[in-house]
Amino acid sequence: MFRKKHSQNHPENVAEQQTAKVIELKASIGPLSGRSLLYCSDACLRRYLEARNWNVDKAKKMLEDTLKWRSTYKPEEIRWHEVANEGETGKVYRANFHDRQGRTVLILRPGKQNTTAADNQLRHLVYLIENAILNLHDGQEQMSWLIDFTGWSLNTNVPIRTARDASNILQNHYPERLAIAFLYNPPRIFEAFWKIVKYFLDPKTFQKVKFVYPKNNDSVELMTSFFDVENLPAEFGGNVKLEYDHEEFSRMMAEDDVKAASLWGVDNKHAHVSNGYSGAEVIPEPMLLAPPAS
């Protein structure tokens, strides 16, 4: 009997090639220990490869840059009480609903800007990205963003530099974590800001940013293909009244901080695997336990 040969682009062959690239990337990054080992699950390596079009050398460079960044910035160690003042107005928070694919949703309301210290604004955003990942459903690796421009003006707008730094963190250190970002009904004046910010985005991230206007049926249909209007706040054209309760949200974040500390805990710090593999067999994978700029 002759076996039917599949073309190079056949799904089975593509899957085999991708698995081989994951193995190659594992070997190329060498031995890992502690939190780097915990971070570099198979799913994580796939995200970095996907972000770099499955080029192992480029994915390796990107991953190594992230591991250096995480070792100094320590995003997993940020605790809510350190950034809670940034969240008092609810300018960024994790929604209490998911999109149709079960993704965690972050709601961003730039019109609610209440601080001026860019460093802490970024720490607050990074904390909530980490928290969104922590709260992903099993098997889901991405989050969705909803951006409400109610009350936005050039006075409340973040500086260009802060927008650039936030974009770089999202797309360089959280690749393929963002599924979609809906900018809901931005004012005309935002277009000038967007013309600058879009140049900070790589093509993959840029494609995930969608503008939605209530009077544009196509854009509304796209949004409702991702979200059930019964879950969606009225600010985004849905049927739910949006109320941010800072005390209640702080209580939830305090609980999640305990969960995060356990996940990244000190007990796992000294784990080591000499062959450079990500050690899914050794330690629970942080990004898969919880399962979404990009």
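Colleague: Before we look at particular residues, how do strands of a sheet pair?

Modeller: Strands of a sheet pair through backbone hydrogen bonds, and the pairing is either parallel or antiparallel. In this predicted model, five strands form an open sheet in the order 2-3-4-5-6, with mixed pairing.

Colleague: Which strands stand at the edges of the sheet, and why is one side of each left without a neighbour?

Modeller: The edges are taken by strand 2 (92-98) and strand 6 (209-212), and because each has a single partner strand, one side of each is left without a neighbour in the sheet.

Colleague: In which sense do strand 2 and strand 3 run, and how many bridges join them?

Modeller: Strand 2 and strand 3 run antiparallel and are joined by four bridges, with Y93 standing opposite I107 in strand 3. The two strands form a hairpin that has five residues between them, and in the turn G102 has a positive phi of about 80 degrees.

Colleague: What is the sense of the pairing as one goes on from strand 3 to strand 4, and from strand 4 to strand 5?

Modeller: Strand 3 and strand 4 run parallel, joined by five bridges; here L106 stands opposite W145 in strand 4, and I107 stands opposite L146 in strand 4. Strand 4 (residues 143-148) also pairs in the parallel sense with strand 5 (residues 178-184), over six bridges, and in that pairing M143 stands opposite L178 in strand 5.

Colleague: Let us turn to burial. How many residues of strand 3 and of strand 4 are buried?

Modeller: The cut-off to keep in mind is that buried means under 20% relative accessible area. Five of the five residues of strand 3 are buried, with T104, L106 and L108 pointing one way and V105 and I107 the other way. In strand 4, six of its six residues are buried, and both faces are covered, with M143, W145 and I147 on one side and S144, L146 and D148 on the other.

Colleague: Where is T104 placed, and which backbone oxygens lie by its side chain?

Modeller: T104 belongs to strand 3 (residues 104-108), and since its relative accessible area is 2%, T104 counts as buried. A polar atom of the T104 side chain lies 3.1 Å from the backbone oxygen of A132, and a polar atom of that side chain lies 3.4 Å from the backbone oxygen of N135.

Colleague: Which residues of helix 3 are buried?

Modeller: Helix 3 (residues 42-51) is mostly covered, with seven of its ten residues buried, namely A43, C44, L45, R47, Y48, L49 and A51. The residue N53, which follows helix 3, has a positive phi, near 50 degrees.

Colleague: How does one find where empty space is left?

Modeller: The general idea is to roll a probe the size of a water molecule over the atoms, which shows where empty space is left. In this model, the largest cavity has a volume of about 720 Å³; 33 residues line this cavity, and L108, W145, I147, V158 and A166 are the closest to its centre.

Colleague: Which element gives the most to the lining of the largest cavity, and how do the lining residues divide?

Modeller: Helix 7 gives the most, with six residues, while the elements that each supply at least two residues are helix 6 (118-134), strand 4, helix 7 (160-173), strand 5 and helix 8 (190-197). The lining of the largest cavity divides into 22 nonpolar, nine polar and two charged residues.

Colleague: What lines the largest pocket, and what lines the second largest pocket?

Modeller: The largest pocket holds about 280 Å³ of space, and of its 17 lining residues, Y93, A95, N96, L242 and E243 lie nearest its centre. Strand 2 gives the most to this lining, with five residues, and by class the lining has ten nonpolar, two polar and five charged residues. The second largest pocket has a volume of about 190 Å³, and of the ten residues that line this pocket, R35, R70, S71, K74 and E76 are the closest to its centre. Helix 4 gives the most to the lining of the second largest pocket, with three residues, and this lining divides into two nonpolar, two polar and six charged residues.

Conventions
Residues numbered from 1 in each chain as written. Predicted model: local features only at pLDDT ≥ 70, side-chain atom pairs only at ≥ 80, totals over all residues. Heavy atoms only, no water. Pairing = 2+ DSSP bridges. 1 Å grid on protein atoms, 1.4 Å probe; cavity = no way out; pocket = protein on both sides within 12 Å on 5 of 7 lines; lining within 4 Å. Points joined across faces, edges and corners; volume = space filled by probe spheres on them. Nonpolar A, V, L, I, M, F, W, Y, C, P; charged D, E, K, R; others polar. Buried < 20%, exposed > 50% of the residue type's maximum accessible area, 1.4 Å probe, protein only. Polar contact = N/O pair within 3.5 Å; in protein donor to acceptor, adjacent residues only side chain to side chain.
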